[in-house]
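Subject: Structure for you to look at

Dear colleague,

I am passing on a structure that I have been reading through, and I would be glad if you could look at it alongside the notes in this message. Please open it first and keep it in view while you read.

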Amino acid sequence: MPPKDKSAAESSASQEITGQSALPITRIKKIIQLDEDIVQCSSNATFVIAMATEMFIQYLTEQGHNVVKSERKPRKTIQYKDLATAVSRIDNLEFLADVIPKTTTYKQFKEKRAKEASREAGYEKGQRTLNGSIPPAPEGKPEADNEKAQPGSDDKPSRGSRPPTVTMMVDRTVEAPTENEDVEMADQ
């Protein structure tokens with residue numbers, strides 16, 4: 001029974017097996033030869049790789065098209081952001097997250113960079129050192145983020161002063177501990 005819909009007939013004809021790949025086989029052979037682990041690859045294996053690649057490209061574009069269709073105002077073209085959204089939403093495509101990442105605005109990038117810088121600085125807003133002083137602000141961060149030390153207070157050093165240096169003096173030698181022996185430090 002012939003298909004009633006003209007587009008259904010065209011799609012079944014495009015799915016028909018022709019024995020030819022839409023991708024150039026010679027290029028695929030060159031790509032395979034770049035891999036040092038593969039010594040030889042038969043022409044049949046190269047053809048199967050080409051067909052699998054075509055099927056993967058078709059699947060990826062279908063998923064991107066589904067993202068476009070789900071928008072309020074669907075478009076006729078698939079854009080990079082559609083593929084990136086498909087990769088982030090679909091578990092089968094998760095391995096492409098590094099290859100096709102979602103795009104971010106410059107503002108989002110700056111916010112992310114500021115958070116990373118604060119983590120690298122090793123302290124958070126309002127955090128104090130062991131002796132009660134406020135750590136200096138890292139480069140690139142305004143000093144207003146830190147709490148200000150109250151002027152005139154002697155127990156808290158001023159903003160520009162360094163915390164006091166602690167030195168430990170040892171006046172006797174202790175033998176190296178043997179196995180399973182604990183070492184005890186005594187204050188004098």
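What follows is a description of what was found, from the whole chain down to single residues.

Please bear in mind from the start that this is a predicted model. The protein chain contains 5 helices and 0 strands, so that its elements, read from the N terminus, follow the order α-α-α-α-α. Of its 188 residues, 13% count as buried, and the chain exposes about 16,900 Å², of which carbon and sulfur atoms supply 53%. If you consider the contacts in the chain with a separation of 6 or more, residues 24 or more positions apart account for 29% of them.

Two packed helices are described by the angle between their axes and the distance between the axes.

Let us begin with helix H2, which covers residues 25-34, and H3, which pack at an angle of about 105° with their axes 10 Å apart. This angle makes H2 roughly perpendicular to H3. On the side of H2 the contact is made by Ile 25, Ile 28, Lys 29 and Ile 32, while H3 brings Thr 46, Phe 47, Ile 49 and Ala 50. Sorted by class, the contact of H2 with H3 has 6 nonpolar residues, 1 polar and 1 charged.

The second pair is helix H3 (residues 43-69) with helix H4 (residues 80-89), where the angle is about 100° and the axes lie 8 Å apart. H3 and H4 are therefore roughly perpendicular to each other as well. Here H3 contributes Leu 60, Gln 63, Gly 64, Val 67 and Val 68, and H4 contributes Asp 82, Leu 83, Thr 85, Ala 86, Val 87 and Arg 89. The residues of this contact divide into 6 nonpolar, 3 polar and 2 charged.

Which residues make up the largest nonpolar core? There are 7 in all, namely Leu 60, Leu 83, Ala 84, Val 87, Leu 93, Leu 96 and Ile 100, and H4 gives the most to this core, with 3 residues. In soluble globular proteins, nonpolar side chains tend to be buried together. Leaving aside residues up to four places away in sequence, Ile 100 touches Leu 60, Tyr 80, Leu 83, Ala 84 and Val 87.

Within H4, the buried residues are Asp 82, Leu 83, Ala 84, Thr 85, Ala 86 and Val 87, and what covers the buried residues of H4 includes H3.

Not counting residues up to four places away in sequence, Asp 82 touches Gly 64, Val 67, Val 68, Glu 71, Arg 75 and Thr 77.

One of those partners, Arg 75, has its place in the loop between H3 and H4. With a relative accessible area of 22%, Arg 75 is partly exposed. Again without residues up to four places away in sequence, Arg 75 touches Val 68, Lys 81 and Asp 82. The C-alpha atoms of Arg 75 and His 65, which are 10 residues apart along the chain, are separated by 9.2 Å.

With best wishes,
A colleague

Methods: Residues numbered from 1 in each chain as written. Predicted model: local features only at pLDDT ≥ 70, side-chain atom pairs only at ≥ 80, totals over all residues. Heavy atoms only, no water. Helix = DSSP H or I, 4+ residues; strand = E, 2+ residues; numbered from the N terminus. Buried < 20%, exposed > 50% of the residue type's maximum accessible area, 1.4 Å probe, protein only. Contact = heavy atoms within 4.5 Å. Areas by Shrake-Rupley, 256 points an atom, 1.4 Å probe, with all protein chains shown as cover. Axes fitted to C-alpha atoms, helices over the stretch in contact; angles between N-to-C directions. Parallel < 35°, antiparallel > 145°, perpendicular 65-115°, else oblique. Nonpolar A, V, L, I, M, F, W, Y, C, P; charged D, E, K, R; others polar. Core = buried A, V, L, I, M, F, W, Y, C linked by side-chain atoms within 4.5 Å.
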